[in-house]
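Dear colleague,

Please find below the structure that I am handing over to you. The findings follow directly after it.

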Amino acid sequence: AVVIMVSCSSQRNLQKSYVGKPLSSLESELGKPQAVFNKDSGDIYIFEKIELLKSTEISQHKLTLDPMVTPKVTKTSRLTVTVVDEVIKKIEVEEQYDRNN
């Protein structure tokens, strides 16, 4: 439930920030799209953002001999952006986490 709330929250923030604005405002932050599809309802742009998240110690609020540590992961955010007449109409976010060994 937490993952869904976080991804919905980030999607809502992106919607507020970019919907109704020109595509160039998003391209200036994320660069060129990975793929572009032309449809009757508008053009679909796919952007990918890859981040390396380092491991971190989880606070347990008690003294332990062996601390709990999260693994290193690679976070891939895939944004699907619907554009009509060079104006962003819709943004969908999909996030994927891959554990690094």
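**The largest pocket**

With four residues, α1 provides the largest share of the lining of the largest pocket. This is a predicted model, in which local features need pLDDT of at least 70 and side-chain atom pairs count only at pLDDT 80 or more, while totals for chains, interfaces and linings use all residues. Residues are numbered from 1 along each chain as its sequence is written, and side-chain values use heavy atoms, with hydrogens and water left out.

Helices (H or I, at least four residues) and strands (E, at least two) are DSSP runs, numbered from the N terminus. At least two lining residues come from each of α1 (2-18), α2 (23-30), β2 (42-53), β5 (73-84) and β6 (87-99).

A pocket is an open set of points on a 1 Å grid over the protein atoms alone, where a 1.4 Å probe fits, with protein on both sides within 12 Å along at least five of seven lines; lining residues have an atom within 4 Å of a point. Grid points are joined across faces, edges and corners, and a volume is the space filled by probe spheres set on the points. The largest pocket has a volume of about 200 Å³. Its lining has 14 residues, of which Leu-14, Lys-49, Ser-77, Leu-79 and Glu-95 are the closest to the centre.

**A residue of β5**

Thr-82 lies in strand β5. Leaving aside neighbours within four places in sequence, Thr-82 is in contact (heavy atoms within 4.5 Å) with Asp-43, Ile-44, Val-87, Ile-88, Lys-89 and Lys-90.

Yours sincerely
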